[in-house]
Amino acid sequence: MTCSCNLIIDSCCDLPYEVVDREGVELIEFPYIMEDGEHADDLYRSTTAHEFFQAMRDGAQPSTAQVPVPVYQDAFTRAVESGVPTVCLVFSSGLSGSYDAAALVHSQIMEEHPDAELYLVDTRLASVAEALLVHEALRQREKGLSAKELARWAEEARFFVDAEFMVDDLESLRRGGRIPGSVAYAGAKLDVKPLLSIGADGKLSLCGVARGRKKGIKQLADYYAKRVADEGTVKYVVIGNADCPKDAERLKEALTKIDDSILFLESSIGPVIGSHVGPGMIAVVFWGSDKREELSVADRIARRVKQS
């Protein structure tokens with residue numbers, strides 16, 4: 001099938017490689033660092049989720065880094081030279097500086113090639129939430145959207161991706177600077193399983209707690225039931241897990257009891273995201289309502305001021 005545009009995506013979407021391995025789709029691989037040096041997040045082609053998270057259980061403390069500027073320079077140059085209109089979907093600027101690097105390179109490339117069709121989108125999403133947006137972008141691309149249309153679609157659709165995920169503890173997120181230390185300390189003292197979501201700004205927020213994993217899985221299913229968009233169509237749901245497949249299966253069963261028409265896409269949390277959430281994370285992602293409508297009055301005013 002010949003598509004009207006190409007896509008550049010990154011490995012923080014945590015999709016299975018076979019899903020993104022398509023003609024006209026380029027994968028940007030985020031780096032992560034283990035004790036033996038730097039590795040590329042290649043969607044588990046060179047290692048397995050179990051091997052990575054078992055290393056963390058055994059005491060490894062992997063770290064992550066931004067995508068180097070030359071990687072974006074090479075990818076964007078290839079896109080322009082190909083002559084094919086291209087859209088680049090980037091991991092949330094609220095969690096990484098990689099989008100800023102991509103934006104800088106994009107600006108330089110467009111100055112040199114002002115007529116090029118190269119569109120850059122901050123997904124404001126991460127991991128399995130980014131997975132749902134990328135998965136649907138692939139479908140929309142195959143259905144014939146142009147690059148300009150696909151970029152506009154993604155800029156709007158990102159606000160309708162709803163996600164909630166449970167982590168065993170908040171220490172890895174605290175160590176990586178993704179949440180305040182006070183929040184991690186409170187979570188540890190209360191001995192609960194934290195539940196987090198991604199806001200309209202692409203940042204993480206603590207939205208609840210669960211007393212144990214079994215109750216947490218039920219709360220994830222309840223979250224879906226309360227917030228899923230009722231479109232009267234088949235619903236795509238992404239279930240992500242960080243080397244806890246049995247819990248993923250339990251969540252799938254709970255969701256099927258709510259709606260047996262769900263089409264599931266299962267995902268293993270990748271090493272870059274995994275470095276910050278640790279083993280045991282489980283997530284549910286689906287199409288919900290517009291997250292911008294959940295902003296406080298003060299935030300809505302601020303948004304209007306920025307847009308004016």
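In this predicted model, Phe76 touches Ile8, Cys88, Ala102, Val105, His106, Ile109, Leu118 and Leu120, leaving aside residues up to four places away in sequence. Phe76 belongs to the largest nonpolar core, a set of 77 residues in which Tyr72 and Phe76 have the most contacts. Helix H5, spanning residues 127-142, supplies the largest share of this core, with 8 residues. Another core lies apart from it and holds 17 residues, among them Leu195, Leu220, Tyr224 and Ile262.

Turning to the strands, we come to an open sheet of 6 strands with mixed pairing, arranged in the order S10-S9-S8-S13-S11-S12. Strand S10 (204-210) and strand S12 (263-268) form its edges, each pairing on one side only. From one strand to the next, the twist averages 20°. In general, strands of a sheet pair through backbone hydrogen bonds, in either a parallel or an antiparallel manner. Here, strand S11 (residues 236-241) and S12 run parallel and are joined by 6 bridges. A handy place to look at this pair is Gly240, which stands opposite Ser267 in S12.

Helix H9, made of residues 213-227, lies across strand S8 (161-166), strand S9 (193-198), S10, S11 and strand S13 (282-287). Relative to S8, helix H9 runs at about 170°.

Conventions
Residues are numbered from 1 along each chain as its sequence is written. This is a predicted model: local features need pLDDT of at least 70, side-chain atom pairs count only at pLDDT 80 or more; totals for chains, interfaces and linings use all residues. Side-chain values use heavy atoms; hydrogens and water are left out. A nonpolar core is a set of buried Ala, Val, Leu, Ile, Met, Phe, Trp, Tyr and Cys residues joined through side-chain atoms within 4.5 Å. Buried means under 20% relative accessible area, exposed over 50%, partly exposed in between (1.4 Å probe, protein chains only). Helices (H or I, at least four residues) and strands (E, at least two) are DSSP runs, numbered from the N terminus. Contact means heavy atoms within 4.5 Å. Two strands pair if DSSP finds at least two bridges between them. Axes are lines fitted to C-alpha atoms, for helices over the stretch in contact, and angles run from 0 to 180 degrees between N-to-C directions.
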